[in-house]
Amino acid sequence: AFNRGHAISRLSPLAGGHRCALLPLRSSPTSPTPSPRRQGGTQSLPSSAISLVKYCLGMGVWALPGGVAAFSHNPSALLPASVLIAACGILSGYTFYLTGVVCDAVGAAGVGEAWDATVDSTGRSGRLVDAAICAVAAGICLSYLIVMGDAVTNVLGSIGARGILASRGASIIAIAACPLLPLISLDAPAALAPVSALGVLSNAAIIAFVALRLAVGAYAPGGSFAGLAASATPVFSSAPAVVLQPSSLVLVSMAATGFLAHLSAPDFYANLEDASPRRFAVTTVLGYGATAAVSVAVACLGFLTFGGGCNDVIINSYAAADRGAAACRALLVVSLMGSFPLVFWGMRASYYQVARKEATPRLNRRFDQLFLGMLTATAIAVKQSGFVIAFNGALLGSALIYIVPCLMHLGLTKHRLNEGSLIRSKLMAVQGMFNRCLIGLGGVLSVVGAVVTILTYFFPGVLRRL
């Protein structure tokens, strides 16, 4: 889950004694005091990197082909789009690293607590960070429900089901009632291990299917599934691809959702065996590198198959008569079933911190029923999963990726300089300047990206005139 469910005490910004900069810094002669969070990690470095990849490969990656189609129908757009996705992965990995080492340095178990310890010792604005985490998690849960509902509806349609029981609303209600409600009631991540392992295999199978359909030209003119569904009709254009336009921010916003693992960075660091900034950096490079590679592959394979005909979620672009696509939709539902409870628990824990409530079994049951019901009703009303993914990634995801980690690192560095455990250096100044640039970038992406996403999905004529 994003944060631990138990109550967390607010710590002093000077807790612990680790140097917490990406670049090597000259420390004072005083030896750092080991932090309690450094002890007890049992997850090996390769296992931690794989877990990080599993965490990131949720919903965002399957929306990336549609993100490319949002600004161009020309295959030449894939090169700049791949660069954008890779750049988002590199920057997100950097700030994920900052989040983990800052939380470890101050002994924080969550991002909101680390914010209070490094940026605002009064504890007031930390509740806003917790509220943002809660909202981001709610947006991710909503996108999961929409996608699972659409997938089940398509599967039922492919086997000939008709009537209200095969409707989208009925599918979403059925998924929420069973299996999601029983799963979130488990409150035990270990119980999800079999579903999680199956989810990894499901993602691999879906990628293989997308590559196979492209390789055999099944949806190209003359292919076995050509023209069987409007959403599965490839649309390509020879018009030059223009990357420097507002619509490209939709892709950036979707990538932000796909690379958003920062809220669990404290747990990744704490669970790492022999945890240290260097080992955590290796974990981050491996995890985010693999995630970026998979994201670029999915974006290219999906776009080359359908071009501008890409659906909000690529697997929904395939024809209902395509049995392989029906199987992949079922696998996607299984994959999201394993991830949904983890995100939901993170939303619940963040809500408790904002509301200053202690978790109890009775309160958990009431929260689960109320909020799952609200998400279900919203998922029935909102059909654009791509909009939810992009808007959530733009408005709040960008802030939590680019703004919050950099502000925390700048705050911690300032405290360490004041206490004498760090000595100023040119590298420190360069990193500080870079962090400030990322803060500005995050502000722009949050505001402009959210506005562009709304215009793209609801007022596309405005962007065309621009």
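A: A salt bridge here is a side-chain nitrogen of Lys or Arg within 4 Å of a carboxyl oxygen of Asp or Glu. Side chains of opposite charge can pair when their charged atoms come close. The model is predicted, so local features need pLDDT of at least 70, side-chain atom pairs count only at pLDDT 80 or more, and totals for chains, interfaces and linings use all residues. Residues are numbered from 1 along each chain as its sequence is written, and side-chain values use heavy atoms, with hydrogens and water left out.

Searching the whole structure gives four salt bridges. Three of them are described below, among them the pair Asp150 and Arg168, whose side chains meet at 2.8 Å, N to O. Asp150 belongs to helix α5 (residues 124–158) and Arg168 to helix α6 (residues 168–186), so this pair ties together parts that are 18 residues apart in sequence. Helices are DSSP runs of H or I with at least four residues, strands are runs of E with at least two, and both are numbered from the N terminus.

Burial is judged by relative accessible area: buried means under 20%, exposed over 50%, and partly exposed in between, with a 1.4 Å probe and protein chains only. Asp150 has 14% relative accessibility and therefore counts as buried. Arg168, at 15%, counts as buried too.

A second pair is Asp322 and Arg213, again a salt bridge with an N to O distance of 2.8 Å. Asp322 sits in the loop between α10 (277–306) and α11 (323–355), while Arg213 is in helix α7 (residues 193–216); the pair links distant parts of the chain, 109 residues apart. Both Asp322 and Arg213 are buried.

The next pair is Arg348 with Asp368, a salt bridge at 2.9 Å, N to O. Here helix α11 supplies Arg348 and helix α12 (residues 361–381) supplies Asp368, linking distant parts of the chain that are 20 residues apart. Arg348 has a relative accessible area of 5%, so this residue is buried. Asp368 counts as buried because its relative accessibility is 3%.

Helix α11 also holds Val333, which is buried at 10% relative accessibility. Leaving aside residues up to four places away in sequence, Val333 touches Met148, Ala151 and Val152, where contact means heavy atoms within 4.5 Å.
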